Amino acid sequence: MTSFVSKTHNFQHEFEVAPIYSNASPNEALRDHHHSDAYLACDDEIPTIDYSLLLSHDTYQRSNALELLGQACEEYGFFYLVKHTIPDDALKNVLKGVSNYFDPTTIDERRIYSKKGSSDKIRWGLTTNAGENREFLKVIAHPQDQVPSNPSIISKIVEEYNNEMRKIVAELAKAMSKNLGFDENYIENAFNMNLGFDVVNVNVYPPNSKAKGDIGLSNHTDPGFVITLMQDVNGGLQILSHKGKWISVYIPHHAILIQLGDHLEILTNGKYKSHVHRVIVNNNKVQRISVVTLHGPPLDKFIVPATEFVDDENPQNYNGMTYKESLKANGNNEIDVKSSLDQIKLV
């Protein structure tokens, strides 16, 4: 059997997009040595899963791929997905469209999507301080009747991209269900995913010369079933492993990073776990764009550890609540899609 981990990869920035933050001059880019060492992470390998093999008609190939996926989910909680069905040009177009939308000269047009209330379907923000450095736009991408019509360029990009990503996520749910020993529709039914609440979060991180601190986004986990992430350049994203080591993420060309969400951890009573991650900008010489989608159950879906994962040796470790209740547990709004895992945990 082949190893389910791959060597880390670096690839050059291939997308011809306009920078939101101008690149630093050599003098501006210089940082004290202690800054670059403040958030060290190792280059340990991260599992790579071949999506095409999960769908293979060859029984041995499919079985082997399922086994590797199961190991990645249980031993890591995150993995690179390669040979998926979204064309390379489609990914490039998403990143190009996002970059064009975040033109620094049109920031006032984006400010109209600043927080207005708890029912916002789109939300913009810009933070530059010691604890966070990014510009972001969060957009409800599913259900379809919740997708905002403006700004039209972002709505069209989000809709087309998320439709394709949802197909991949549905197949991953089937594969994970089989690995857990159930019918392939187990997770789909548990989360009622066809009506799921998805939010696309577009982040633009500045080069270190333009940041007010080392942190792009502080330590956190994410709610939902899984989180999918694509980006234009490598650099800054770090994930905390089961073993307590920070690992630098280097997404291979045309790959997607998959991270397990809080609510898959809750459903499986901790068998599969979400992971703390962060974004560090202290070594980034150029801006970085990431497109992150949080794929969750419907807002009214009640999520609790399934009975199949609870017994005398494995008592219930999490409270049950609706997805909406969990998103608002810390005083946040639904579109914020903030974790409340610490409040949900019983132990």
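**Contacts along the chain**

I began with contacts (heavy atoms within 4.5 Å). Of the contacts in the chain with a separation of 6 or more, 79% are between residues 24 or more positions apart. The model is predicted, so I kept to pLDDT of at least 70 for local features and 80 or more for side-chain atom pairs, while totals for chains, interfaces and linings use all residues. Numbering runs from 1 along each chain as its sequence is written, and side-chain values use heavy atoms, with hydrogens and water left out.

I listed eleven helices and 15 strands in the chain. These are DSSP runs numbered from the N terminus, helices being H or I with at least four residues and strands E with at least two. I then looked up burial, where buried is under 20% relative accessible area, exposed is over 50% and partly exposed is in between, for a 1.4 Å probe and protein chains only. The chain has 347 residues, and 54% of them are buried.

**Nonpolar cores**

I took a nonpolar core as a set of buried Ala, Val, Leu, Ile, Met, Phe, Trp, Tyr and Cys residues joined through side-chain atoms within 4.5 Å. The largest one holds 64 residues, and L54, F79, L137, M176, I187, F225 and L264 have the most contacts inside it. Helix α7 (152-179) contributes the most to this core, eleven residues. Another core lies apart from it, with 29 residues, including Y76, I140, I251 and V279. As background, nonpolar side chains in soluble globular proteins tend to be buried together.

I looked up F225 by itself. Beyond its neighbours within four places in sequence, its contacts include V169, A173 and M176, then I187, F191 and M193, and also L260, G261, L264, H295 and G296.

**Helices**

For helix length I used an expected span of 1.5 Å times one less than the number of residues. α7, with 28 residues, reaches 40 Å from first to last C-alpha, close to the 40 Å expected. After α7 comes G181, with a positive phi near 95°.

The end C-alpha atoms of α4 (59-75) are 24 Å apart, which agrees with the 24 Å its 17 residues should span. Its buried residues are N64, A65, L66, L68, L69, G70, A72 and C73. They pack against β2 (46-50), α3 (51-54), β3, α7 and β11 (256-260).

For α5 (88-101), the 14 residues should span 20 Å, and the end C-alpha atoms are 20 Å apart. I noted L91, V94, L95, G97, V98, S99 and Y101 as buried in α5. Their cover includes α6 (107-111), β5, α7, β6, β8 and β13.

**Largest pocket**

The pocket search uses a 1 Å grid over the protein atoms alone and a 1.4 Å probe; a pocket is an open set of points with protein on both sides within 12 Å along at least five of seven lines, a cavity is a set from which the probe cannot get out, and lining residues have an atom within 4 Å of a point. Grid points are joined across faces, edges and corners, and the volume is the space filled by probe spheres set on the points.

The largest pocket holds about 290 Å³ of space. I counted 25 lining residues, with N201, L217, H220, D222 and H277 nearest the centre. At least two lining residues come from each of β5 (132-142), β6 (198-205), β7 (215-220), β8 (226-231), β12 (277-280) and β13 (288-295). β13 gives the most, four residues.

By class the lining has nine nonpolar, nine polar and seven charged residues. Here Ala, Val, Leu, Ile, Met, Phe, Trp, Tyr, Cys and Pro count as nonpolar, Asp, Glu, Lys and Arg as charged, and the others, Gly among them, as polar.

**Backbone geometry**

Most residues other than glycine have a negative phi, and most peptide bonds are trans. I looked for departures. The H142 to P143 peptide bond is cis, with omega near 0°, and P143 sits in the loop between β5 and α7.

K83 has a positive phi near 55°. K83 is in the loop between β3 (78-82) and α5 and counts as exposed because its relative accessibility is 54%.

V337 has a positive phi near 40°. V337 is in the loop between α10 (323-327) and α11 (341-344) and counts as buried, at 5% relative accessibility.

**Two single residues**

Y76 is in the loop between α4 and β3 and is buried, at 18% relative accessible area. Its C-alpha is 7.9 Å from that of P47, 29 residues away in sequence.

G125 is in strand β4 (122-129) and is buried, at 9%. Not counting residues up to four places away in sequence, G125 touches R134, E135 and F136.
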